[in-house]
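Here is a report on a protein fold, taken element by element. Please keep the sequence and the model in view while reading.

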Amino acid sequence: MKINRSGSFRRCIGKYFEAAGVLAIVFLANANPAYPQNATIKIDILRTIGDIDRNLYGVFMEPIVNSMDGMLYDPEHPLANEDGFRTDYIEAARELQLPNMRWPGGNYTLTYNWKDGIGPKEDRPVRRELAWNVLDRNRVGTDEWLQLAEAMGVESSICINVTTATLEDNRNWIEYVNSPAGSYYADLRARYGHPEPYGVKYWHLGNEVDGEPWQAVALSSEEYVAYARDAATIMYFVNRGCKTCTQPVFIAMGSSWVFHDGEDAEWVQWNGDVIDGLIAQRNVEYIAVHRYWGTGLRNDIENDRVPHVFLGDWERHFNDYISTTENQIKIAKIKNRVPGKPFYIAFTEWGLRGQNHMSTLAGALHFNTFLRHADFVKRANFTMFTSLLSRGREGRTYKAPFFYMYKLFSTNVKGASLDTYVDCETFDGEIYRDIPYLDVSSAYSEDEKTLVMNVVNRNMDKAITADIISDTGEFSGTAAISTINSEDVESPYTENDKDKYRPAASTMETGGGSFTFSFPAHSFTQIRVAIK
């Protein structure tokens, strides 16, 4: 970890607040270089960023090679349910209280024909799948995906094909899924065993269509906006006169090509074109963005996995990526004279490579970043759902620390995201300077009168003791503390150690306007405490 030294540590008094669209951070100096100083975290339950949408805790699932047919769907597996899906994954989804699942892709959708996946399985065609270069038996189609979502207890959101599919194809798909019986495709759904409409609300207008280096078919932003506008219109028209039907809400596809195989892309231009072209469109209420942590930040960075880059530069990059898109939305609302139009960011694919403690800390940094942008980031989908469980010998699944980190957020963090004041020491990345060691998000549930703080200590060597102060109200009762840590931040998780992976639980008595807590080096800590 690179530590700032100029005869002293530099300290960061960081206050995440917007001033004319700018993230303001003030830096002070003069601290003892030998030992980390105490930090200060100030909470004010009246200073809210925005309401937390539970759809932040969604997942993404795509049939990449055998990840669906052969892993999640395996009728011969001893843990398979009556529909052929593995119950260990289904039970994990329910334990995490996952809100939604995006499917069927992913790059898979760019050449997918949804009609191949309906009807009797023995009659479905085997297709050469172009994204992942395998034979697709189409054993999991629309009805099976929706059976899986029901078993998991999640809401479905469907990603359509906007490259090789026609407008008629997509119009017919929403009829099959959402229309009442009486028309051709709705009657076909009834004949195949589901008389009632499924009522899918959220529809993604394509996937990564700017990804020319890796896609079988790619589009320019102008081509994409034209098709997406027509698709959203015709799909809306299918059931517009039906008072009992679920009306669709559409998620436009932003750029996924920031940096790929040494090439930079014009992602800012692409997002601007899509937002500007679709923000006034009926029922288009989100722009989707994708970014995978730790996979190519910049050409001159040799190792993305060293702590000051992986936990520092990458978090700052994600923040800038989201902030830029937020500002583009604000500009487009003014330009298109739709100041009150609901239009948000959906981070519909995020993930990272590796299953070790560094990856778990980075996962917590993802959620902290989303929560600090809770006024704009309303949906997110982790890639992939099956990766939330780790795999051991003979394909057995187990829960690693990443699973428990995810659960701490998905089951506990709700209500309003708070604008949190953090005063702590800083370090330098390869790109960014003065990165706070403590990365903090906080949320307050008015219903439960409970504050939840999520803190990642990015100092690899030292604990940081923080004075935690409430500016409005007093802490009350026993604080519940969950800590995830490991002595070895690099070694992969193993099935042999699965019984050691639960978060360390502790408590602390609180009262009054403050308390003090020491955050261990390279740790993730969640503190839940009542506020009177």
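Strand 4, residues 39-43, is mostly covered, with 4 of its 5 residues buried. Buried means under 20% relative accessible area, exposed means over 50%, and partly exposed lies in between (1.4 Å probe, protein chains only). Helices (H or I, at least four residues) and strands (E, at least two) are DSSP runs, numbered from the N terminus.

The model is predicted: local features need pLDDT of at least 70, side-chain atom pairs count only at pLDDT 80 or more, and totals for chains, interfaces and linings use all residues. Residues are numbered from 1 along each chain as its sequence is written, and side-chain values use heavy atoms, with hydrogens and water left out.

Strand 4 runs parallel to strand 25 (residues 464-470), and 5 bridges join the two. Strand 4 also pairs with strand 21 (residues 421-428), here in the antiparallel sense over 3 bridges. Two strands pair if DSSP finds at least two bridges between them. Ile41 stands opposite Ile468 in strand 25. Ile41 also stands opposite Val422 in strand 21.

**The barrel**

Which strands make up the closed barrel? Its 8 strands run 6-7-10-11-12-15-16-17, with parallel pairing. Neighbouring strands of this sheet are turned by 30° against each other on average, direction ignored. One pairing can be followed in detail. Strand 11 (residues 202-205) and strand 12 (residues 249-253) run parallel, joined by 4 bridges. Leu205 has Ala252 of strand 12 as its bridge partner.

**Helix packing**

Two packed helices are described by the angle between their axes and the distance between the axes. Axes are lines fitted to C-alpha atoms, for helices over the stretch in contact, and angles run from 0 to 180 degrees between N-to-C directions.

The axes of helix 3 and helix 4 (residues 184-191) come within 7 Å and cross at roughly 45°. That makes helix 3 oblique to helix 4. Angles under 35 degrees count as roughly parallel, over 145 as roughly antiparallel, 65 to 115 as roughly perpendicular, and the rest as oblique. The crossing of helix 3 and helix 4 is right-handed. A crossing is right-handed if the near helix is turned clockwise from the far one by less than a right angle, and left-handed if anticlockwise.

For helix 7 (residues 307-335) and helix 8 (residues 357-372), the axes come within 10 Å and cross at roughly 25°. Helix 7 is therefore roughly parallel to helix 8. The crossing of helix 7 and helix 8 is right-handed.

**Rings and charges**

The structure holds 39 aromatic pairs. One of them is Trp114 with Trp173: the ring centres are 6.0 Å apart and the planes are at 0°, so the pair is stacked. This pair links distant parts of the chain, 59 residues apart: Trp114 is in the loop between strand 7 (100-103) and strand 8 (127-129), and Trp173 is in helix 3 (residues 167-178). Both Trp114 and Trp173 are buried. Rings of Phe, Tyr and Trp (its six-membered ring) pair if their centres lie within 6.5 Å; planes under 30 degrees apart count as stacked, over 60 as edge-to-face and the rest as tilted.

Charges over rings come next. A charge sits over a ring if NZ of Lys or CZ of Arg is within 6 Å of the ring centre and within 35 degrees of the ring normal.

| Charged residue | Ring | Distance to ring centre |
|---|---|---|
| Arg102 | Phe60 | 4.7 Å |
| Lys378 | Tyr344 | 5.8 Å |

**Backbone details**

Where are the cis peptide bonds? One joins Gly105 and Gly106, with omega about 5°. Gly106 is found in the loop between strand 7 and strand 8. Another cis bond joins Thr383 and Met384, with omega about -15°. Met384 is found in the loop between strand 17 (377-383) and strand 18 (390-391).

Gln97 is not a glycine, yet its phi is positive, near 55°. Gln97 sits in the loop between helix 1 (87-96) and strand 7. With a relative accessible area of 42%, Gln97 is partly exposed. Asp434, also not a glycine, has a positive phi of about 55°. Asp434 lies in the loop between strand 21 and strand 22 (435-436). Its relative accessibility is 14%, so Asp434 counts as buried.
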